[in-house]
Amino acid sequence: MMNVKIRIPATTANLGCGFDVFGMALDLYNEVAFIPGEETLTGEIHGEGAGTLIFNEQNLFYKSMNFFAAHYGVDLPHGHLVMKHRIPIARGLGSSSAAVVGGVFLANQITGLQRSKEELLPLVVELEGHPDNVTPCLLGGFCSAHHIDADWQISQFSVPSDWRFVVVSPRSEVSTQKAREIMPQTVSLQDAVQTISGAAALIGALVNRRPQLLQAAFADRLHVPYRLTLIPHGKEVLKAALQAGAYASTISGSGSTLLAVSDENHAAAVGKAMQMEFGEEEAAQVHIVTVCADGVALIPLDKET
């Protein structure tokens, strides 16, 4: 067994009106290197979560590797994992999806089974519980996921190369469970129509390269107004992004990260305005990224992304 290294992208889900359906992979990566060994499977964690996460049987990456092995009836080879985390944890950028997809993908490589990504998709959706983050994390790009006749149907769309995604992550966390509990269980017909309209606007913005449609696409009424109350200064930060020149802004996933879309010329100013609006107490991280087109992937051992 040879050394193997993979990179796993961050993801942003929902993108306004695409609640639990739309997701997109970003070029912000965790990296994991596997070094064959003779005794059990061990790991070390660097970067985000290094002080709190432990690589053991309760670790989600480890669980995902074991899930793959149990599903296919194979044993995981012994070795050591070196994990470099850059994706903020519990901030709405798909850190759990990265663990799920990364664990399954790496197990697929080191066991030699070499299943296709399409074959791996049902496994990662089952592990995560919903498709909006794991699908783009696995496949790359902008994805919409639909469950039809007990099968997942995925549509992928290209993203304009000149769009920049400004993701700003405050210190405060928002748990996915709390973010779901705060949402209403029923919606009005008017809000339902608005959601359909916004989702269509986002597809139109992508297909026709029309960023002016993004504000309509992000004008969600199902989850964003409720989840914003869980994010300190959330409304003000989204407004600051627009004032600094962003096309549109919204929550990334369930938060607490906020996302803005801009052109390259305005991206730095948008990030700075959002960071300042969060305030010093939130010590918000800013990442200016583009879309990751290929999803989780093998990379050369000497390469860092």
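**Record entries**

I began with the UniProt record, which lists "domain: GHMP kinase N-terminal" at residues 59-141, from an unreviewed entry. I then looked at that span in the model, which is predicted. Residues 59-141 are 57% helix and 8% strand. The end C-alpha atoms of this span lie 27 Å apart.

The record also has "domain: GHMP kinase C-terminal", again from an unreviewed entry, at residues 205-275. I checked the make-up of residues 205-275 and found 46% helix and 14% strand. Here the end C-alpha atoms are 26 Å apart.

**Domain division**

Next I looked up how the chain is divided. Domain 1 takes in 4-158 and 292-298. Domain 2 covers 163-289. I noted 24 Å between the C-alpha centres of the two domains. Their contact draws 25 residues from domain 1 and 38 residues from domain 2.

**The interface**

How much area do domain 1 and domain 2 bury between them? I read about 2,400 Å², with 62% of it on carbon and sulfur atoms. I asked which residues of domain 1 lose the most area to domain 2. They are Cys 17, Phe 19 and Arg 91, and together they make up 29% of what the domain 1 side buries.

Arg 91 came up again when I turned to charged pairs. Side chains of opposite charge can pair when their charged atoms come close. The rule finds two salt bridges across the interface of domain 1 and domain 2. I looked at the pair of Arg 91 and Glu 173, which form a salt bridge. Their closest N and O atoms are 3.3 Å apart.

I then took the polar contacts. For the domain 1 side I noted two strands, β1 (4-13) and β2 (22-36), each supplying at least two residues that touch domain 2. β2 gives the most to that side, with five residues. By type, the domain 1 side that touches domain 2 has 14 nonpolar, seven polar and four charged residues.

**Salt bridges in the whole structure**

I widened the search to the whole structure, and it finds seven salt bridges. I picked out Asp 294 and Arg 7, whose side chains meet in a salt bridge at 3.3 Å, N to O. Where do Asp 294 and Arg 7 sit in the chain? Asp 294 is in the loop between β10 (285-289) and β11 (297-298), and Arg 7 is in strand β1. The pair links distant parts of the chain, 287 residues apart.

**Backbone notes**

Last, I went through the backbone. Most residues other than glycine have a negative phi, and most peptide bonds are trans.

Ser 256 belongs to the loop between β8 (248-251) and β9 (258-263).

I placed Thr 40 in the loop between β2 and β3 (41-47).

How values were computed:
Residues numbered from 1 in each chain as written. Predicted model: local features only at pLDDT ≥ 70, side-chain atom pairs only at ≥ 80, totals over all residues. Heavy atoms only, no water. Domains from an automatic or database assignment. Contact = heavy atoms within 4.5 Å. Buried area = accessible area lost by both parts, 1.4 Å probe. Salt bridge = Lys/Arg side-chain N within 4 Å of Asp/Glu carboxyl O. Helix = DSSP H or I, 4+ residues; strand = E, 2+ residues; numbered from the N terminus. Nonpolar A, V, L, I, M, F, W, Y, C, P; charged D, E, K, R; others polar. UniProt positions renumbered as here; feature names shortened; annotations may be inferred.
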